[in-house]
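Subject: Handing over the structure

Hello,

Here is the structure I promised to pass on to you. Please have a look at it first, and then read my notes below.

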Amino acid sequence: MKDHLIIFDTTLRDGEQSPGASMTKEEKLRVARQLERMQVDVIEAGFAAASPGDFDAIRSIARAIKGSTVCSLARSNENDIRRAGEAITLAARGRIHTFIATSPIHMEKKLRMAPDQVVEAAVRAVRWAREYTDDVEFSAEDAVRSDVDFLCRVFGAVIEAGARTINVPDTVGYSVPSVWGELIRTLIARVPGAGQVVWSTHCHNDLGMAVANSLSAVLAGARQVECTINGLGERAGNASLEEVVMAVRTRSDIFPVQTRIDATQIVPASKLVSQITGYPVQPNKAVVGANAFAHESGIHQDGVLKHRETYEIMRAEDVGWAQNKLVLGKHSGRNAFKSRLSALGIVLESEESLNAAFARFKELADKKHEIFDEDLQALVSDEEIAPANEYYKLVYSHVCSETGETPAANVTLTAGGVEKSASGIGSGPVDATFKAIECIAESGAQLLLYSVNAITTGTDAQGEVTVRLARGGRIVNGNGADTDIVIASAKAYLNALNKLQFPDRVDPQGDV
């Protein structure tokens, strides 16, 4: 019998710390439901003390999710712990994940605490967390640069206080596989009570070795891996869930563990997270990239046609690529539409929301003959801005672009319920549209990123646009989708402006 490897997904917490990747409560719920469908063991739903919005999102996820443990992060102070405890109260299975830094540089420069004080704070935090749940996880932030003797002391103390999971994070992505595996092996051998807990690893990808380090930890005895969909996360990101899961499954001859993950849900999860956060997946990304199962070389094509395993170590359908097929058309009815949304893990909270989404679907079906799952995901994402937060809304757009002439755009928006019109010229139709919008908004925001991706194949494909804006230290992503790329661009820009207008959360302070 192989050991069970716990998959701890932190897309909704650490992944959300990517610049501009902040999600609304509704978006977090959609991702959480997809993670549950994928049978993720633990969903770290957020950082309850970070903001009222994060607290509310965690509570909503705790109420909705039944098949996975719902976890909240908390620093090692009483307020954070109690907020986390309150947030997970409604969960069928709840966990509190508390942490404190243990490296000399963090203790001295950030915490301004002596080692003895750090140990005392860690123990107190675990005891407070135990008032709410028996499932308490403790992390030593920046373990990679911590003294091994001190790590053994801290971990032994929190195990005695009641921690069930001990997480060893490579917070800054500094380690390499051989060294990281040896550290995990040493800690398991030396920490008092090590056999009573699950050992976990949380690796960042600053040197491109997050997955390799995580797998090295598994070989050394770790039985939980903390990871994210698409490797999303601050800086260079985290270990990719899809790569960890498929490495363990594909190389079962090496890894003495197995997961309970339904791998056919990996690609749908990847697409959903990409669309919601506005972080596109690179084509050559392992497992979920568009080219992951594509073969250009004639030699490779010949080999695959003769026998798939000559050049493919996984089957595309095993990770969910086979599910990306035509499902609906212009003659499809409301029940078929609702059933397909349900199959995709999309739950609309009211009949009113369903009717509005169905009306948008019919509009899209008149423009596009073939409606794919990706189109439906984009359609719902495009409609899920809460009306209360939709300060700017596109009413009308007219763009003129012809050879030898300067492109011009006329737009009409509602701004705070008041209809306003403006014109703009630019180097292209999108530039002209953005300038016309800015004549009304006068946001003062800086455009950091403009990205266009085709959601599906074909000349009638919807274009999915991501716009990243920065203002006053805040960075937000805006998303928009339409068969008209200029309209999609305007929607994305307005989506970003609405996020700047109504910040619904503050950035989490957790660095684990």
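Axes here are lines fitted to C-alpha atoms, for helices over the stretch in contact, and angles run from 0 to 180 degrees between N-to-C directions. Helices (H or I, at least four residues) and strands (E, at least two) are DSSP runs, numbered from the N terminus. This is a predicted model, in which local features need pLDDT of at least 70 and side-chain atom pairs count only at pLDDT 80 or more, while totals for chains, interfaces and linings use all residues. Residues are numbered from 1 along each chain as its sequence is written, and side-chain values use heavy atoms, with hydrogens and water left out.

Let me start with two helices. Helix H2 (residues 52-64) packs with helix H3 (residues 78-87) at an angle of about 35 degrees, and their axes are 8 Å apart. On the H2 side the contact (heavy atoms within 4.5 Å) is made by Phe55, Ile58, Arg59 and Ala62, and on the H3 side by Arg83, Glu86 and Ala87. Four of these residues are nonpolar, none is polar and three are charged; Ala, Val, Leu, Ile, Met, Phe, Trp, Tyr, Cys and Pro count as nonpolar, Asp, Glu, Lys and Arg as charged, and the others, Gly among them, as polar.

Next, a threonine. Threonine 98 lies in strand E5 (residues 94-101). Its relative accessibility is 0%, so threonine 98 counts as buried (buried means under 20% relative accessible area, exposed over 50%, partly exposed in between, with a 1.4 Å probe and protein chains only). Not counting residues up to four places away in sequence, threonine 98 touches several residues, including Ile81, Val126 and Phe138.

Now to a sheet. Three strands form an open sheet in the order E16-E17-E18, with antiparallel pairing; two strands pair if DSSP finds at least two bridges between them. Strands E16 (446-454) and E18 (474-482) are at the edges with a single partner strand each, so one side of each has no neighbour in the sheet. From one strand to the next, the twist averages 15 degrees. Strand E17 (residues 463-471) pairs with E18 over nine bridges in the antiparallel sense. Leucine 469 stands opposite valine 476 in E18.

Alanine 488 is in helix H16 (residues 485-501). With 0% relative accessibility, alanine 488 counts as buried. Leaving out residues up to four places away in sequence, alanine 488 touches Gly463, Val465, Gly480, Ala481 and Asp482.

Finally, the charged pairs. How many salt bridges does the structure hold? There are 29 of them, each a side-chain nitrogen of Lys or Arg within 4 Å of a carboxyl oxygen of Asp or Glu. One of them joins the side chains of lysine 28 and aspartate 54 (2.9 Å, N to O). That pair links distant parts of the chain, with lysine 28 in helix H1 (residues 25-37) and aspartate 54 in helix H2, 26 residues apart. Both lysine 28 and aspartate 54 are buried.

Another salt bridge joins lysine 110 and glutamate 141 (2.9 Å, N to O). Lysine 110 belongs to helix H4 (residues 104-111) and glutamate 141 to strand E6 (residues 136-141), 31 residues apart. Lysine 110 is partly exposed at 39% relative accessibility, whereas glutamate 141 is buried at 1%.

Happy browsing!
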